[in-house]
Amino acid sequence: DATEALLTDIATLPKIARMALTNPMPMGPWKITVYDQENFQGKRMEFTSSCQNIMECGVDNIRSLKVECGAWVGYEHSSYCGQQFILERGDYPRWESWSGSNAYHIERLMSFRPVCCANHKESKITVFERENFIGRQWEMCDDYPSLQAMGWPNNELGSMQVQSGAWVCYQYPGYRGYQYILECDRHGGEYKHYREWGSHAQTFQVQSLRRVQQ
């Protein structure tokens with residue numbers, strides 16, 4: 001029958017071709033689907049790697065998205081500039097779902113890239129009281145919705161060193177305000193000054209942080 005004929009045809013192929021047909025390559029570790037309208041409507045595009053400018057793909061803005069594999073960072077502007085938004089696995093039907101309780105009304109999402117080193121179970125960061133890794137320090141391996149509630153003396157961090165994994169730092173307690181995504185494989189894991197946290201960073205203020213989910 002047709003099935004037997006197909007199996008016979010496959011058996012006559014070279015070994016490498018047979019392997020490709022019977023053992024297809026698994027999907028890569030990152031996949032994101034973006035839409036140019038809210039609630040997953042309009043033009044739809046899938047990505048498995050970074051996008052520096054969504055307008056180059058014929059879309060003027062991203063208004064909803066679905067993260068199917070891996071963790072990603074979305075940016076307000078092209079070329080990975082402006083406010084940052086952590087995008088972990090799940091559905092994001094409108095801009096509020098990725099900006100969360102951000103105090104700043106930003107509906108634009110123009111570029112994005114995968115977080116290559118996310119490891120929720122093995123994440124470690126050391127925070128310092130002053131820039132250039134000076135002053136009081138604290139090593140963390142867990143999520144902290146309020147640093148001051150856990151004993152940190154003020155509402156600022158001068159510098160940070162990511163030993164493993166990736167972290168999201170927030171301007172305010174309860175994971176609110178500006179987001180800064182810090183990774184062990186960027187800047188060598190060293191963030192000596194708030195200017196290295198992101199192009200939108202304007203202050204040392206950080207009051208909560210958490211590990212990025214894988």
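Author: Let us begin with a polar contact between two side chains. In this predicted model, the side chains of R210 and Y170 are joined by a polar contact of 3.1 Å. R210 is found in strand 14.

Reader: Is R210 buried or exposed?

Author: The relative accessible area is the value to consult. For R210 this is 15%, and because buried means under 20%, R210 counts as buried.

Reader: What does R210 touch, apart from residues up to four places away in sequence?

Author: R210 touches I86, E88, D143, A166, W167, V168, Y170 and Y175. The fold also brings R210 and P145 together: these residues are 65 apart along the chain, while their C-alpha atoms are separated by 7.5 Å.

Reader: How should I read a salt bridge?

Author: Side chains of opposite charge can pair when their charged atoms come close. Here R211 forms a salt bridge with D143, and the closest N and O atoms are 2.9 Å apart. This pair links distant parts of the chain, since R211 belongs to strand 14 and D143 to the loop between strand 9 (134-140) and strand 10, 68 residues apart.

Reader: Which of the descriptions, buried or partly exposed, belongs to R211, and which to D143?

Author: R211 is buried, with a relative accessible area of 12%. D143 is partly exposed, at 25% relative accessibility.

Reader: How many salt bridges does a search of the whole structure find?

Author: The search finds 11 salt bridges. One of them joins the side chains of E38 and R94, at 3.0 Å from N to O. E38 lies in the loop between strand 1 and strand 2, and R94 in the loop between strand 6 (90-92) and helix 3 (95-99), so the pair ties together parts that are 56 residues apart in sequence. E38 is partly exposed, with a relative accessible area of 30%, and R94 is partly exposed at 30% relative accessibility.

Reader: Which residues are linked in a network of salt bridges?

Author: Such a network links K31, R44, E46 and E68. Within it, the side chains of K31 and E46 meet at 3.7 Å, N to O. K31 is in strand 1 (residues 31-37) and E46 in strand 2 (residues 41-47), and the two are 15 residues apart. K31 is buried, with a relative accessible area of 13%, whereas E46 is partly exposed, at 42%. Leaving out residues up to four places away in sequence, K31 touches E46, F47, T48, K66, V67, E68, C69 and W72.

Reader: How should I read a nonpolar core?

Author: In soluble globular proteins, nonpolar side chains tend to be buried together. The largest nonpolar core in this model has 21 residues, and L182 and W197 touch the most other members. Strand 8 (124-130), strand 10 (159-164), strand 11 (166-172) and strand 12 (176-183) each supply at least two residues of this core. The largest share, 3 residues, comes from strand 12.

Reader: Which residues does L182 touch, not counting those up to four places away in sequence?

Author: L182 touches I125, M160, V162, A166, W167, C169, Y191 and W197. Apart from this core lies another, of 20 residues, among them M45, C51, F85 and M110.

Reader: Where does UniProt place the feature "domain: Beta/gamma crystallin 'Greek key'"?

Author: The unreviewed UniProt entry places this feature at residues 30-69, 70-116 and 123-164. In the model, the span of residues 30-69 is 0% helix and 50% strand, and its end C-alpha atoms lie 5 Å apart.

Reader: What may be said of the chain as a whole?

Author: The secondary structure comes to 3 helices and 14 strands. Of the 214 residues of the chain, 43% count as buried. Among contacts with a separation of 6 or more, residues 24 or more positions apart account for 67%. The accessible surface comes to about 11,100 Å², and 48% of that surface belongs to carbon and sulfur atoms.

Methods:
Residues numbered from 1 in each chain as written. Predicted model: local features only at pLDDT ≥ 70, side-chain atom pairs only at ≥ 80, totals over all residues. Heavy atoms only, no water. Core = buried A, V, L, I, M, F, W, Y, C linked by side-chain atoms within 4.5 Å. Buried < 20%, exposed > 50% of the residue type's maximum accessible area, 1.4 Å probe, protein only. Helix = DSSP H or I, 4+ residues; strand = E, 2+ residues; numbered from the N terminus. Contact = heavy atoms within 4.5 Å. UniProt positions renumbered as here; feature names shortened; annotations may be inferred. Salt bridge = Lys/Arg side-chain N within 4 Å of Asp/Glu carboxyl O. Areas by Shrake-Rupley, 256 points an atom, 1.4 Å probe, with all protein chains shown as cover. Polar contact = N/O pair within 3.5 Å; in protein donor to acceptor, adjacent residues only side chain to side chain.
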